Amino acid sequence: MPDKHPGGLPVAAAALTATVALYISLVVFGNITDFDTNRQFVRHVLAMDTTFQDKALMWRAITSHVLQDIVYVVVIVWEAATAVALLRATELWARALRRARRGGTAEYGAARRASTLGLVLLMLLFGAGFIAIGGEWFAMWQSAKWNGLAAAARNFFVAGFVLVLIQLPSPQWGRERTAGRV
């Protein structure tokens with residue numbers, strides 16, 4: 001008999017995906033409505049103007065405001081794509097949970113795939129973009145004022161935790177289809 005009161009792992013995955021979707025949506029909203037605040041952050045990181053000014057590293061600095069702004073817009077577009085993927089995943093989770101609650105066959109595959117896409121996009125942005133490129137290549141770790149490594153690490157690990165939860169094997173996922181559209 002179908003479970004009319006789904007819980008456990010699917011509910012946790014849905015709630016955490018929705019939480020991350022809300023977070024990144026608010027980040028996009030903030031970056032668009034208060035464009036200059038984080039643009040200044042990106043400009044300082046790329047210019048490396050608050051690092052130790054080691055001549056062996058300073059050749060990496062990007063001081064062109066045009067190039068800095070292009071990087072910032074690319075970051076916002078990446079964040080927006082991530083938000084769209086996670087909002088879609090949230091919608092798919094809600095649909096699957098409603099279907100399960102009504103006694104239908106619970107199929108969480110599409111929601112899991114959409115969540116995976118959005119969470120990996122988020123982890124790439126904060127892991128590769130902020131931690132690796134910003135933190136190491138542009139030596140953001142050296143800056144006392146323009147250092148976003150703690151926030152980047154927090155975002156990376158939260159997304160990673162949710163991703164691991166969604167990837168856990170469990171009979172609670174029900175019958176999984178191997179192919180399907182997100």
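Modeller: This is a predicted model, and I would begin with D69, which counts as buried because its relative accessibility is 18%, under the 20% cut-off.

Biologist: What does the side chain of D69 meet in a salt bridge?

Modeller: The side chain of D69 meets that of R39, with N to O at 3.5 Å. That pair links distant parts of the chain, since D69 lies in helix α3 (residues 65-101) and R39 in helix α2, 30 residues apart.

Biologist: Which other residue forms a salt bridge with R39?

Modeller: D36 does, and the closest N and O atoms of D36 and R39 are 2.8 Å apart. Both residues lie in helix α2 (residues 35-47), three residues apart, which is about one turn of the helix.

Biologist: Is D36 buried, exposed or partly exposed, and why?

Modeller: D36 counts as partly exposed because its relative accessibility is 37%, which falls between the 20% and 50% cut-offs.

Biologist: Which residues are linked in a network of salt bridges?

Modeller: The network of salt bridges links D36, R39, R43 and D69.

Biologist: Changing topic, what about E91 and R95, how far apart are they in helix α3?

Modeller: E91 and R95 are four residues apart in helix α3, so about one helical turn separates them. Their side chains meet in a salt bridge, at 2.7 Å from N to O. E91 is partly exposed, with a relative accessible area of 37%, and R95 counts as partly exposed at 35% relative accessibility.

Biologist: And how many salt bridges does the structure hold?

Modeller: The structure holds five salt bridges, among them the pair of E91 and R95.

Notes: Residues are numbered from 1 along each chain as its sequence is written. This is a predicted model: local features need pLDDT of at least 70, side-chain atom pairs count only at pLDDT 80 or more; totals for chains, interfaces and linings use all residues. Side-chain values use heavy atoms; hydrogens and water are left out. A salt bridge is a side-chain nitrogen of Lys or Arg within 4 Å of a carboxyl oxygen of Asp or Glu. Helices (H or I, at least four residues) and strands (E, at least two) are DSSP runs, numbered from the N terminus. Buried means under 20% relative accessible area, exposed over 50%, partly exposed in between (1.4 Å probe, protein chains only).
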